[in-house]
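I opened this model to look up its charged side-chain pairs and its surface. My notes follow the display.

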Amino acid sequence: MRIEQGAYQDILKGVLDYELDFGIVPQNPNRQDILFYPIMEETIVFAASEDIARKVENAGVQILNDELFISSGTSCLYHTTAVDVLKDAGVMIKDALELSSLEMIKQYVSCGKGFALVPEIAINNELKIGKLKILPFNSKMSFSHGLIVHKNRELSFTAKSFQSELLCFFNRYMS
């Protein structure tokens, strides 16, 4: 078994090109040639340091026009979702920083270097100790992660067993 991480489009392309047996993606690709098995719902939030959160609380989300947006890059679904939500709120991203890991993003944000859209579960500890705050946005944002398989992919016994065990695990522990 080989596990790799990648951007949503790269994973989808790998499954479509039969390079990958499976992919786990943050949303249903809604394609006729892909089978999507939902495994978990993930709430995502805009996070910032206490200082930036206080500015937003006092002056509104428009102050984010002057803050650095930190993400995993423009190919990341979180980044494109954030741009859309911010645009709807009247915030335009002028400056952005791309970092390769969620841990790096959390460190930059907690130091007051900017704000980011992150999975809420990934910042639970930082929220508890007050290192990060959730910025107030009206809409609840979430992704329905799922396992994808090419519709015409013939799976080996081992691959079918893996798929079954993975889906059972998420069914049992995430429900």
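These entries cover salt bridges and one surface patch.

Entry one. I note that the model is predicted.

Entry two. I looked up the salt bridges and found 11 in the structure. I began with K13, which pairs with D17; their closest N and O atoms are 2.5 Å apart. I checked the cover of D17 and found a relative accessible area of 35%, partly exposed.

Entry three. I went to helix α2, residues 50-59, where R54 and D51 sit three residues apart, about one turn of the helix. They form a salt bridge, with 3.6 Å between the closest N and O atoms. R54 is partly exposed at 40% relative accessibility, and D51 is also listed as partly exposed at 40%.

I moved to helix α4, residues 102-110, which holds both K106 and E103, three residues apart, or about one turn. Their side chains meet in a salt bridge at 3.2 Å, N to O. Is K106 buried or exposed? I find K106 buried, at 9% relative accessible area, whereas E103 is partly exposed at 44%. I then followed shared partners and found one salt-bridge network joining E50, D51, R54, K55 and E67.

Entry five. I turned to the nonpolar surface. M1, I3 and F162 form a patch there, with about 390 Å² of accessible area together. I placed F162 in helix α6, residues 157-174. F162 has a relative accessible area of 31%, so I record it as partly exposed. Patch members need over 30%, and F162 at 31% is above that cut-off.

Key: Residues are numbered from 1 along each chain as its sequence is written. This is a predicted model: local features need pLDDT of at least 70, side-chain atom pairs count only at pLDDT 80 or more; totals for chains, interfaces and linings use all residues. Side-chain values use heavy atoms; hydrogens and water are left out. Patches are made of residues with over 30% relative accessible area and no salt bridge: like charges are joined within 9 Å, nonpolar side chains (Val, Leu, Ile, Met, Phe, Trp, Tyr) within 5 Å. Accessible areas come from the Shrake-Rupley method with a 1.4 Å probe; for residues, only the protein chains shown count as cover. A salt bridge is a side-chain nitrogen of Lys or Arg within 4 Å of a carboxyl oxygen of Asp or Glu. Helices (H or I, at least four residues) and strands (E, at least two) are DSSP runs, numbered from the N terminus. Buried means under 20% relative accessible area, exposed over 50%, partly exposed in between (1.4 Å probe, protein chains only).
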